[in-house]
Amino acid sequence: MMLHLEGFASELFNCALNDVWGYTEPYLLAVWQNRLCVYTAAAVLIGLWFTVNVAFRKKETINPVSAHLHSSAKKQELSPETEKVVHVAGVRIFYGSQTGTAKGFARELAENVRGQGFECEITDMKEYDPDDRLAEECSSKMICVFVVATYTDGQPTESAEWFCKWLEEASTDFRYGKTYLKGMRYAVFGLGNSVYVGHYNTVSKNIDKWLWMLSAARIMTRGEGDCNVVKSRHGSIQADFQDWKAKFLSRLQAFAKGEKKVCSGKCKSDSCKNKNKHKEEAEDSQSLAQKNSSEEELMESSSDAESSAEEDKSHGSLIDMEDLGNVMNRMKKAKKMEADEENSQRIKLSKQNGVRKSEAEEERREMITPALRDSLTKQGYKLIGSHSGVKLCRWTKSMLRGRGGCYKHTFYGIESHRCMETTPSLACANKCVFCWRHHTNPVGTEWRWKMDPAEKILQEAVENHRNMIRQFRGVPGVRPERFDEGLTVKHCALSLVGEPIMYPEINTFLRLLHHQHISSFLVTNAQFPEEIRNLVPVTQLYVSVDASTKDSLKKIDRPLFKDFWQRFQDSLRALGEKQQRTVYRLTLVKAWNVDELKAYADLIALGQPDFIEVKGVTYCGESSASSLTMANVPWHEEVIHFVQQLANLLPDYEIACEHEHSNCLLLSHHKFKVDGEWWTWIDYERFQELIQEYEESGGTKSFSAMDYMAKTPSWALFGARERGFEPSDTRFQRKNKTKDISGC
């Protein structure tokens, strides 16, 4: 039975299979016969699926609404700003300052940055270790700003010394590599003085170069502030900084918005080429104005050019070959313009001091720029022509009121109310730390400006002086007789500001003074020995001896000449060759030069002056040009102690006079002590007779300092109870007075 059932089941299965095959056979046969159509349809379906899939993915890339957003929805609810791209996290300002100017600029910039809603940190370079921390700026999204000053001989300030040393070494050390600071963004502003031709803004230039060599990205062209108001692009270093700061803040806003850098000039569109052409023209004019050297021109391309170069993997090359032609053309133009300017403007100081205007005189620029004119006018100067000035001395005002005269009145008998303080040259060859004028006057080593005639300078100086005296008519306390006398100039102190001996017609000017019976007191900073030798006789010739060693002179006077010490010593020798009255003028700066007694004695032996004035430095208030404070001003008793010690080293000199009010003492040569009495005063009438005979004889009939000396009154002598104050006047003590630093 089981076999029967199995046979029946097998027969039934075979029957069913035959039925299915019989049913499907026509369809399968039809498909096989039309297989081409089936293949085509399948290919079309697969193609449609692939196209739809690609299109969907593209849409997802452009408009990111992905599953990731849904998975992080909870995070977005807690922190909605997490998806916002931050292009600038903040600004970190590094400063290297010696006198405080760079630090002040850094603080000012920080306030403006914070005012625009950015975080900002100020960092003193001396408190920052670049070896450990500078690389962090590559990924911090901070903009780094470097505000750095250039100090003596082009060196960095003390606070920036280590930072610069490390950066220089890292830029050439293969262990760091050329991409060590890749990702760091920076801007540089330098503080310098263009009169130091070989060292102008070298620190900022070097920092800019070293950072770029390490692949840091400069976001804008380096800014340069110039303390030389004559050549400053905007009239002062403060104005230079304001202009650069405005550009930086604008650039910062652009970066914060994620804007791309401006075109580097590598695209092929015509519009871009035109823009780049205009930009290159602007850079040409800028490079000519700055007078960069050829090497600096190659290294310091604009930020726009570097924006493309820094993305190039071959960062070691400084300039693309396609740009080399433009750079070389700019260099040639700059050199040509420099040569033309030198030929048209340069004029050496005349040994004869009597030269007239040359043919190129009209093409030279004026010494007093509009910005300088505004600055000096605010200080009370009456400017004359293009390079001279006159100002009313505070001692002139004092003596008009019967309140005493200056130390020249005590030492030499000048009538202070009849003394005109002027200068035929506002320019100077030093930048002394105790300068009364805070270096608002121009500086230079030679005459390179338009030149006004001596007759015009003297005429306008006297007229301006008289006009300032006339303003005291009817002022309470002014003595009528002294007011009338003050309208007639009897003395001229060529010590107002600058270096009078730089004026090429100084001898003509002195002769005009003497012709009008005006005595001459000329002060020079001992940097022009040949001009001292060629100088005609003056009533009294001063040389400022502010230090006795090369190092201290460099530190205090900050001379522009590289051979300043040789010039200084030669000037003292030239002074010793003079027959008329000569004076060393020593300014004591506490903690700077009061311990150089033996060296001072050696310098005095070199020039053998008739007199030595020793005066404590006058504090002129805070200034970016000087680091002096009231702590550097010696007490009068300290000055006396110094002079007594100095006199012990000088057997031919002795303390003769004292002017306590000016914190000043006078050492006099023994030849002016006749029969035990001092004759330090001047017989001005006798001097006028002698100088007239000298001129009439053509210089053959000379005379000496002993020929026009006068007896010194007892009240002016050292040790007198008046301490240098004339008893016929009344000493006036002003309460809560504002310091008046004008005067000789």
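Start at Phe564, which is buried at a relative accessible area of 6%. Buried here means under 20% relative accessible area, exposed over 50%, and partly exposed in between, with a 1.4 Å probe and protein chains only. This is a predicted model: local features need pLDDT of at least 70, side-chain atom pairs count only at pLDDT 80 or more, and totals for chains, interfaces and linings use all residues. Residues are numbered from 1 along each chain as its sequence is written, and side-chain values use heavy atoms, with hydrogens and water left out.

**Around Phe564.** Phe564 sits in helix H22 (residues 564-576). Helices (H or I, at least four residues) and strands (E, at least two) are DSSP runs, numbered from the N terminus. Now show the contacts of Phe564, meaning heavy atoms within 4.5 Å. Leaving aside neighbours within four places in sequence, they are Gln527, Lys550, Leu553, Lys554 and Pro559.

**The whole chain.** Zoom out. The chain holds 25 helices and 20 strands. Of its 744 residues, 49% count as buried. Among contacts with a separation of 6 or more, 77% join residues 24 or more positions apart.

**The largest core.** Select Leu510, Val545, Leu586, Ile612, Phe642 and Leu646. These touch the most other members of the largest nonpolar core, which has 83 residues. Helix H17 (residues 454-470) gives this core its largest share, 7 residues. Apart from it is another core of 28 residues, including Ile93, Phe105, Leu109 and Met220. A nonpolar core is a set of buried Ala, Val, Leu, Ile, Met, Phe, Trp, Tyr and Cys residues joined through side-chain atoms within 4.5 Å.

**Helix H19.** Keep Leu510 and colour helix H19 (residues 506-515). It is mostly covered, with 7 of its 10 residues buried. They are Ile506, Asn507, Thr508, Phe509, Leu510, Leu513 and His514. Their cover includes H17, strand E10 (491-494), strand E11 (519-524) and helix H25 (684-696). After H19 comes His517, with a positive phi near 60°.

**Helices H5 and H9.** Go next to Phe105 and Leu109, both in H5. Show helix H5 (residues 101-115) with helix H9 (residues 237-256): their axes come within 11 Å and cross at roughly 35°. Axes are lines fitted to C-alpha atoms, for helices over the stretch in contact, and angles run from 0 to 180 degrees between N-to-C directions. The crossing is right-handed: the near helix is turned clockwise from the far one by less than a right angle. From H5, Phe105, Glu108, Leu109, Asn112 and Val113 take part. They meet H9 residues including Phe241, Trp244, Phe248 and Leu252.

**Helix H8.** Select helix H8 (residues 202-213). Its 12 residues reach 16 Å from first C-alpha to last, close to the 16 Å expected at 1.5 Å a residue. The expected span is 1.5 Å times one less than the number of residues. Since 9 of the 12 residues of H8 are buried, the rest of the structure largely encloses it. Among the buried ones are Trp210, Leu211 and Trp212. Ser215 follows H8 and has a positive phi, near 75°.

**Last stop: cysteines.** Pick Cys393, buried at 6% relative accessibility. Then pick Cys419, buried at 9%. The disulfide count is 0, where a disulfide is a pair of cysteine sulfur atoms within 2.5 Å.
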